[in-house]
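Dear colleague,

I am passing on the structure that we spoke about, with the sequence and the coordinates together below. My notes on it follow, chain by chain.

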Amino acid sequence: MRSIIQRTLCLGSVLLVLPLVAAAQTEIERRVPASADGTVAISNIAGSVVVTGWDRDEVEVTGTLGRNVEELEVESDARGVEIEVKLPRRNRGGGGSAHLEIRVPRRSRVEVETVSAEITADELEGALDLESVSGSITVAGQPAAVRAETVSGLIEVEADTARISAATVSGSITLTGTRGEVEAEAVSGNITVKSARDLERADLEVVSGQIAFTGSLAPDVDFSASCHSGTIELTLPEATSARVVAESFSGRIDNEFGPEARRVDRYAPGKELSFTLGSGQGRIELETFSGAITLRRR
Amino acid sequence: MTNQDTMSCRETQAVLDELVDGQLSAARERRVREHLAGCEACRHEETALRRLLAATAELPRSLEPPTDLWPGIVPRLRQRRFATFTLGRSSGWRGWLLQAVAAVVFMGLGAVLSQLLVSPAISPMPGAGEPLALGTAAAAPAEFGILEAEYLRAKEDLWLTAYRGRRDLPPVIQELVERNLRIIDEAIRELRGALQANPGDRQLESLLLAHHRKEINLLQRLARGSEV
Amino acid sequence: MACYDLAARISATTTGMGVAMDSFAADPWVEKAQAGDTGAFEEIYHQHVGRVYALCLRMSGDPGEAAELTQDVFVRAWEKLDTFHGSSAFSSWLHRLAVNVVLGRWRARGRQRERVVAIDEVDPGGSGEGLHAPERRNAIDLERAIAALPTGARTVFVLYDVEGYGHKEIAEMTGLAPGTCKAQLHRARRLLREALG
């Protein structure tokens, strides 16, 4: 039977331990001046980075640094602001995460680089350059341009922006409400473009993933999609105006707009389909090696 | 002598290579030699191994190639450039590695790069009654071989840098990248096969080059993945 | 220049890497070649092609591929000549480059092939070393047996036992884990012993 003293001592030691655990996480809050359209460059490894625009000519960083983070470096000079999470030299890649919430002048150019930390950007109007290995990238707002790159992280851009460049190896890319120009590339991930509005240019490429596109195209659109063994599915409005050329070495081509694919001598098994929608001002070029191509009408 | 000190034949033969290479600790080596002193079968193995290594050491260091290879080398010796290539990114974290890798790729591709950045337009297929349109940026047949050779060389350089650095990445990412490299390799293999059956096919050629480019992009990503 | 001190140190610690005193006779040629003199480079070619070809042939097990590889090596050496700083002997630098070219080419081309060697193909040819008939036959058998090894085992065997690189170096060059290197070496030696009886 435990004596009261023993029980008190137990409780006491627990109480002693708690503050130590709490101290392992560091709260941070820093503010530095920044020009309205300068560059803010952020580097984190694990955890998360949320960048939001505001109207002040300042950059504010808040959040928590986990154990194993040596320090958070925030430097501001004529070129811009640099925010970097530093891990101790000896402990490379061995954990150490930081959750950062960063407010920057709206028109800043924002560059973020992480390994596994997820990146979120919103309410920004400058150019965004976001890169992660396995973290996801999510963009909203009205950035002037977006470049997003991951190895396995998901990329989602639901922004009213006229220039998007997204690349991943195995993550998936989802672009909603796209207009203007878009480039997206994946090896085994999927590319989904939804609710595109008057898209002017598209260049979508996957090796073994799927490309799915729905939306409207500008009259003189330059649209190109290509897969090796993945599939391409386009859902276009009835009123689309473009010359369509679809080619596949060994995949099938299905077309709800009417004309059927025919065999071509050049490829032994290959098929091609070319026809014109509307006045045929734009160009839609689809090619696969062995994947299927499907054209749907809305 | 306790049971622990006696080595079995199996144990001995497992470390014969290390014995012969001088990589055993003094204690271990002593025990192995003790075993060998009393075991003809293992001595026989040791002798065979030493004989193999002796024969190998006797192999000629230098071998004459069957034909003079110099004529095949001369045309490939270009005027050497001393370009220093910078990427001009504002970010200060791009390691020297990315610069070095990019330098290798871009120096290798040289003047050819501008052609490759613009994917050759798909030449419109002649429909009924339509005149045959000429392909726009499609490379002349002879050039495909040169372009592919450039890509392959860039890849070779990258492979070494990227492949060696891959251990810096978390294992999950390593596997993922290797898996995706295999996917691209598979695509390249299929395209090559198709191209063999349909030589000179522009479509297939441009697809093949595009996949080489994808592999290079992936390798570049791998090469700099360990630098943050 | 510290060349002669370097020469003494290297020859004192020869580890079977084939570093010979004559590699320093190449120095004036190297400097000229670095300046763009292809005539000087041709001289370098003649001095080193035998060693390079031997390495390429043994690593690939195929004379045709070895010839291509050898050419690639010299083209690459020409391009990278600027990076040779004389901190090691030129021949070891060239050799290291040759290994990298061979390994790099295989990886880039996704080559995992296990090759079946035709009887007459791997003949070391005249190397001027004047072996007696039975010894020459044994040498040919050994070359053939090496060529018939599976790729991984052959690579490590050639680098370790023929070319004299250490385990750590080989692991670094090939990207294999050191444990895998050792295992491949053991396997190669075992297979060779079995093949040669």
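In this predicted model, buried residues make up 40% of the 197 residues in chain C, where a residue counts as buried if 20 or more other C-beta atoms, placed from the backbone, lie within 10 Å of its own, as exposed if 12 or fewer do, and as partly exposed in between. Residues are numbered from 1 along each chain as its sequence is written, while chains are lettered from A and ligands numbered from 1 in the order in which they are written.

Chain C has nine helices and zero strands, helices being DSSP runs of H or I with at least four residues and strands runs of E with at least two, numbered from the N terminus. Of the contacts in chain C with a separation of 6 or more, 61% are between residues 24 or more positions apart, a contact meaning that the C-beta atoms of two residues, placed from the backbone, lie within 7 Å.

Turning to the neighbouring chain, 45 residues of chain C are in contact with 32 residues of chain B. Helix 3 of chain C gives the largest share of the side that touches chain B, with nine residues, and this side of chain C divides into 19 nonpolar, 15 polar and eleven charged residues; here Ala, Val, Leu, Ile, Met, Phe, Trp, Tyr, Cys and Pro count as nonpolar, Asp, Glu, Lys and Arg as charged, and the others, Gly among them, as polar.

Chain A contains one helix and 25 strands, and 48% of its 298 residues count as buried. Strand 13 of chain A (residues 155-159) is largely enclosed by the rest of the structure, because four of its five residues are buried. Strand 11 of chain A (residues 137-141) runs parallel to strand 13 and is joined to it by five bridges, two strands being paired if DSSP finds at least two bridges between them, and Gly141(A) stands opposite Ala159(A) there. Strand 13 also pairs in the parallel sense with strand 15 of chain A (residues 173-176), over three bridges, with Val157(A) opposite Leu175(A).

With best wishes

Notes
Predicted model: local features only at pLDDT ≥ 70, side-chain atom pairs only at ≥ 80, totals over all residues.
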